[in-house]
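Please consult the sequence and structure shown below.

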Amino acid sequence: MKQQSQTSSSLPLAGLTVVEFTHMVMGPSIGLILADLGAEVVKIEPLEGDNTRRLGGSGAGYFPMYNRNKASLALDVKTPAGRDAALRLIETADIVIENFRQGAMDGLGFGYEALAERNPRLIYCSGKGFLSGPYAHRTALDEVAQMMGGLAYMTGLPDKPMRAGASVIDVTGAMFGVIGILAALEQRHRSGRGQRVTTSLYETTAFLVGQHMAQYAVTGKPAPPMSQRQSAWAVYDVFQTGDGEKVFVAVVSDTQWRGFCKAFRLDDLAADPTLDRNNDRVRQRERILPLIAERFRALSQAELMAQLEQIGLPFAPVARPEQLFDDPQLNAAGGLVPLSLPGGGTTKLPALPIELDSRRFGLRRDLPAIGEGGLEKLRAAGLCEAELRALLDQGVLRAED
C-alpha cells in the first residue's frame, strides 16, 4: 500500500468514518471525494469483489478512477453473521453511502430507518435515479438521465441525440451528494442527529440544463442543440492548423478583436469599420472566418497557441483523454495521483479539482485488493480476534491483510 506525505489527521474530513455500499460510478464517486478529503472510507463488497472491478470496454476505468483512498471489506452481508458484522461497523460510522436499486438496502436490513434507530447520528446518503415523485421507482443510468433530461438533445445533432462523452451526470450527482452530506454534518453539529440525504441522476440533469430552460422562459424560443446554436461571438470556433491539429479560439470582446487583428496582421479586417462591434462581426461571420482560417493554417498548433497565449485570448487544443497524462498543468503540484493498477502496472489519474490553501489532495491508500484493510476496520469497530477468525472460518469474510 503506497503512502504519501499527506496524513489523514491533516485533512479537512479527518476523523469521519464512512461505510460505502456502492458500485459503478455515482456511489463510488461520493466515497472518493470524501476519502480524498480525509475521511476513513471502507467499501463493503461481496466476497468475489465489486462487479465493477471486472468491467471491460468503457467501464474498464471505473474502479481505478473512483476507489482510491478506501479500505475494502469483503463480507457476505446476506448471512446473519456478515450482516451483524456490518451493523457493528455502521454503529461506529458517521456516514453510510449506497447507490443500489430502490428497496435493495431495506431488503438486506440496511435501510435508513433501521440504521438510524441503531445510530441516530448517522448521515445516510443514497444515490438514486430520481428523487421523490412519480418516477422514484424507476431504474436509471447516466445515459437514461441525459436522454430524458434534455442534455443528450443539447449535446447532439437535431435528429441524433448524443450523450456527453463522460459520466458527467454520475459524477455531478455525486458532487451534489457530497454537498448534501456536508450540509447534514453541519446541521448535526447543532442538532446532534443525522439525517437522510438523497441525490439523483435525473434532477441533476435538469439542474444542468436549467440555463436552457431559463433561456426559453426569457426568449420564448427553444434552445437549439449546441451543434446548431448561433454563437454570440463571431470568432468562437475550432480551426485547423498547418500540422493537421485543431485549436479552439474565441474572441469575445471588441478590445480582444482589435488585439487579435494586430497580432495576426489582419489589417484589412481591423480597418473595416463595419467590424468594429461584435454583433456586426457575427452578421459577417461567413466573410471573416475563411480569412482567419487561412491565416491559422499557415501556423503549427504550437505556434498558434503561443501567439494566442501571448495576447491573452481564450484558446484550447482539441485534446484526447490519453493526451492528458503528459499535460504540464495536470502534472504540476499534484494534479495527477499515482496509482497501482489491479492487473499490474502503474498510472496517474486526476486528483480532486480543488485546492485548499493551495494544497491538492493526493494518495493515502492505493486501490485496495478485495478485502484489503477490512480486518483493520472491523477491529476498530470492536470485533475481537475470535470473532474475526469465526467469520473467516465460516467463509463470511475474505481478508487480504
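## Helices on the seven-stranded sheet

Helix H1 (residues 26–36) lies across strand E1 (17–21), strand E2 (40–45), strand E3 (70–75), E4, E5 and E6. Its direction is at about 150° to that of E4. Helix H3 (residues 80–91) also packs on the sheet, where H3 touches E1, E2, E3 and E4 and makes about 150° with the direction of E3. Contact here means heavy atoms within 4.5 Å. Axes are lines fitted to C-alpha atoms, for helices over the stretch in contact, and angles run from 0 to 180 degrees between N-to-C directions. Helices (H or I, at least four residues) and strands (E, at least two) are DSSP runs numbered from the N terminus.

The model is predicted: local features need pLDDT of at least 70 and side-chain atom pairs count only at pLDDT 80 or more, while totals for chains, interfaces and linings use all residues. Residues are numbered from 1 along each chain as its sequence is written, and side-chain values use heavy atoms, with hydrogens and water left out.

## Order and pairing of the sheet

The open sheet consists of seven strands in the order E6-E5-E4-E1-E2-E3-E12, with mixed pairing. Strand E6 (196–200) and strand E12 (397–398) are at the edges with a single partner strand each, so one side of each has no neighbour in the sheet. Two strands count as paired if DSSP finds at least two bridges between them.

Strand E4 (residues 95–98) and strand E5 (residues 123–128) run parallel and are joined by four bridges; Glu98 has Ser126 in E5 as its bridge partner. E2 and E3 are likewise paired in the parallel sense, over five bridges, and Val41 stands opposite Lys70 in E3. E3 and E12, in contrast, run antiparallel and are joined by two bridges, with Ala74 opposite Arg398 in E12.

## Burial of strand E3 and Ser72

Six of the six residues of E3 are buried (under 20% relative accessible area, with a 1.4 Å probe and protein chains only), so E3 is largely enclosed by the rest of the structure. Lys70, Ser72 and Ala74 are on one side and Ala71, Leu73 and Leu75 on the other, and both faces are covered. In a regular strand the side chains alternate between the two faces of the sheet.

Ser72, in strand E3, has a relative accessible area of 0%. A polar atom of the Ser72 side chain lies 2.8 Å from the backbone nitrogen of Gly371. Leaving aside residues up to four places away in sequence, the residues that Ser72 touches include Lys43, Glu45, Arg53, Pro368 and Gly371.

## The three-stranded sheet

A further open sheet has three strands in the order E7-E8-E9 and antiparallel pairing. Strand E7 (235–240) and strand E9 (315–317) are the edge strands, each pairing on one side only. The twist from one strand to the next averages 15°.

Three bridges connect strand E8 (residues 246–251) with E9, and Val247 has Pro317 in E9 as its bridge partner. Helix H15 (residues 301–311) lies across E8 and E9, at about 20° to E8.

## Packing of H8 and H9

Helix H8 (residues 168–191) packs against helix H9 (residues 201–208) at an angle of about 95°, with the axes 9 Å apart. H8 and H9 are therefore roughly perpendicular (65 to 115 degrees). Residues of H8 in the contact include Ile169, Asp170 and Phe176, which meet residues of H9 including Leu201, Phe207 and Leu208.

Conventions. Parallel < 35°, antiparallel > 145°, perpendicular 65-115°, else oblique. Buried < 20%, exposed > 50% of the residue type's maximum accessible area, 1.4 Å probe, protein only. Polar contact = N/O pair within 3.5 Å; in protein donor to acceptor, adjacent residues only side chain to side chain.
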